[in-house]
Amino acid sequence: MSTTIFIFDIVLIIIFACSCTINVTAYCKTKHVREFETGMLMFFYCLNSMIIFMSEFLLELPLFEGAYNVLTYFSVKVICGIAISTLYMLLTASLLEKKIGILHVIIMMPLICVTVYVGDLNGSVSQHWVFYTIRQIYLACFAFYYFIRYASTKDREYKIRIREYRFVFLIGGIFSVLIFAEDSMVIFHFQYVINTLNLKVFMEHNLSEDIFFVILAVIGVKSGFSQLIQRSEPAARMEPGIPISVAAVCEVETPYPEDPFAGAYGLSNRQRDVLYLLLKDKTYQEMGEELGLSVGTVKFHAHGIYEKTDSRNRSELIGKYEKFYESREQTQLT
């Protein structure tokens, strides 16, 4: 059994480390905050698994006796719990195209306070249960918030953009319940699980949580890798000093010319392609067919454009594009 658990721990660490590396590398290439947040989430998954691995296989060494338990379960476990829940919130806000504000800090304060207060090795069974349960409550709330937003929004374009994340939030909600149930069973019936069922793996692992982490890690690998292999196609240069209006953009054919607006907001070549199709009021399906991309990839680039230009939707983006050149022309006239 110990060999199986040893291999299981190593596999988890490798999966999380790979996902972390791929997403951080993708962030270095694209500068999308979402890749960085995903990479950090995978880092704390990996750190959490390493702590479990150390507690299961290194405690017998003299170096890890005594103070190690306190260091692991009070310090690192608390840090991992808070960091993972915070990153869930940041990713939820990013996927729903919401800015982080003081309200989000206030929302996280109860979790931080409770986690620090009850995250003690000498705590009671109830305290241990609260320590693990509050994280699942937050995870379930984030999933619930997504579906509330999706059902209540009147913006059809926004609804289309966030629709592709339904699976992630659905499994988040389902696994929050499964993890809660497993934690409750093990914490309140610990001796029965260990002695009667002879399931030593439950001493440190929550199998439902491990499966959930692996699913998110695989999704993270797929998303990060897709960004790493994206082609950067060169865009044709326009003559300097010639501004581009929305009407002018709608008349040109691909490859699209570069313009000061795209440069000012640091849009990549692929984002510039999507930008001009957004200005032409093309649907995501039409953009994908014209650029040879999947609809999901087009939506991803569109979201990146909205994020970089601080626009909530296509109408606001077009308005900013037009105002950019109006301001530019006024500056040139003066």
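**A helix and its surface patch**

Analyst: Leu-103 sits in helix α4, which spans residues 102–118. This is a predicted model. Is Leu-103 buried or exposed? Leu-103 is exposed, because its relative accessible area is 54% and the cut-off for exposed is over 50%.

Leu-103 also belongs to a nonpolar surface patch.

Now the wider setting. The protein has 15 helices and zero strands. It counts 334 residues, and 43% of them are buried. Take the contacts with a separation of 6 or more: 70% of them join residues 24 or more positions apart.

Two loops deserve a look as well. One lies between α12 (269–279) and α13 (284–291), and Asp-281 is in it. Asp-281 is not a glycine, yet its phi is positive, about 65°. Asp-281 counts as exposed, because its relative accessibility is 57%.

The other loop runs between α14 (295–309) and α15 (314–333), and it holds Asp-310. Asp-310 has a positive phi too, of about 55°, although it is not a glycine. How is Asp-310 classed by accessibility? Asp-310 counts as partly exposed, because its relative accessibility is 37% and that class lies between the 20% and 50% cut-offs.

Key. Residues are numbered from 1 along each chain as its sequence is written. This is a predicted model: local features need pLDDT of at least 70, side-chain atom pairs count only at pLDDT 80 or more; totals for chains, interfaces and linings use all residues. Side-chain values use heavy atoms; hydrogens and water are left out. Helices (H or I, at least four residues) and strands (E, at least two) are DSSP runs, numbered from the N terminus. Buried means under 20% relative accessible area, exposed over 50%, partly exposed in between (1.4 Å probe, protein chains only). Contact means heavy atoms within 4.5 Å. Patches are made of residues with over 30% relative accessible area and no salt bridge: like charges are joined within 9 Å, nonpolar side chains (Val, Leu, Ile, Met, Phe, Trp, Tyr) within 5 Å. Accessible areas come from the Shrake-Rupley method with a 1.4 Å probe; for residues, only the protein chains shown count as cover. A salt bridge is a side-chain nitrogen of Lys or Arg within 4 Å of a carboxyl oxygen of Asp or Glu.
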